[in-house]
Amino acid sequence: MPATKDRTSRNRAASRPFALWREVLTAYAAPALMAGTAGVVTGQQDLAIAACTSIAGTSAVVAFLAGTWLRHGGQPRRWTTTTPRVALTAALVIIAAGAAALLGWFTAQWLPAHTPVPATPWLERLRIDLPVSAALATAIVTLRWRSTATASPA
């Protein structure tokens, strides 16, 4: 009996259409709950606050951007459906994490040096929070999108 249930749940998950709003909501809620819980349990107030701001916020924004780009107005780009799933995911993760790392560096280093914004510990957190959140959100959204996208005939 469990084998039937497993097959049914896999088929149902695969047949569920890609809904961007659901992906963005999950991309915000999952890291906010997990990192927030870890921050509360370990007594790290800065982690609990970052969970709902920089960590979950970055995840939601990146999930929205990646999902919007992948959907491409309802007509996915041909190469995104024909490229092997792992290669597509790896390429998009590298791009998203790299862009987020640059943004984190810019915010933590350049901004305090060239503006009246003071260097604070939460700015330093962005160097790690942004690229990690971006990489995870991109990987999950890309894999989820790819499992629902159908490859175009050649």
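**Helix packing and selected residues**

Visitor: Among contacts in the protein between residues at least 6 apart in sequence, what percentage join residues at least 24 apart?

Guide: The model is predicted: local features need pLDDT of at least 70, side-chain atom pairs count only at pLDDT 80 or more, and totals for chains, interfaces and linings use all residues. Residues are numbered from 1 along each chain as its sequence is written, and side-chain values use heavy atoms, with hydrogens and water left out. Contact here means heavy atoms within 4.5 Å. Of the contacts between residues at least 6 apart in sequence, the share joining residues at least 24 apart is 73%.

Visitor: Which pattern does the protein follow along the sequence?

Guide: Helices (H or I, at least four residues) and strands (E, at least two) are DSSP runs, numbered from the N terminus. The protein has 6 helices and 0 strands. Read along the sequence, the pattern is α-α-α-α-α-α.

Visitor: What percentage of the residues of the protein count as buried?

Guide: Buried means under 20% relative accessible area, exposed over 50%, and partly exposed in between, with a 1.4 Å probe and protein chains only. Of the 154 residues of the protein, the buried share is 34%.

Visitor: How are α2 and α3 oriented to each other?

Guide: Axes are lines fitted to C-alpha atoms, for helices over the stretch in contact, and angles run from 0 to 180 degrees between N-to-C directions. Angles under 35 degrees count as roughly parallel, over 145 as roughly antiparallel, 65 to 115 as roughly perpendicular and the rest as oblique. Helix α2 (residues 20-42) packs on helix α3 (residues 45-71) at about 160°, the axes being 8 Å apart. That angle makes the pair roughly antiparallel.

Visitor: How many nonpolar residues does the contact of α2 with α3 have?

Guide: The crossing of α2 and α3 is right-handed; a crossing is left-handed if the near helix is turned anticlockwise from the far one by less than a right angle, and right-handed if clockwise. Ala, Val, Leu, Ile, Met, Phe, Trp, Tyr, Cys and Pro count as nonpolar, Asp, Glu, Lys and Arg as charged, and the others, Gly among them, as polar. In this contact 6 residues are polar and 2 charged, while the nonpolar ones number 18.

Visitor: How are α3 and α6 oriented to each other?

Guide: Helix α6 (residues 121-148) packs on α3 at an angle of about 40°, with the axes 8 Å apart. The two are therefore oblique.

Visitor: How many charged residues are in the contact of α3 with α6?

Guide: α3 passes α6 in a right-handed crossing. Their contact divides into 13 nonpolar and 7 polar residues, with the charged ones numbering 4.

Visitor: With which side chain does E23 make a polar contact?

Guide: E23 lies in α2 and counts as buried because its relative accessibility is 9%. Leaving aside neighbours within four places in sequence, E23 is in contact with F18, A63, V141 and R144. A polar contact is a pair of N or O atoms within 3.5 Å; within protein, one must be able to donate a hydrogen and the other to accept it, and residues adjacent in sequence count only if both atoms are side-chain atoms. At 3.2 Å, the side chain joined to that of E23 is R144.

Visitor: Which backbone oxygen does the side chain of T58 reach?

Guide: T58 lies in α3 and is buried, with 14% relative accessibility. Not counting residues up to four places away in sequence, T58 touches T53, L130, S133 and A134. At 2.5 Å, the side chain of T58 reaches the backbone oxygen of S54.
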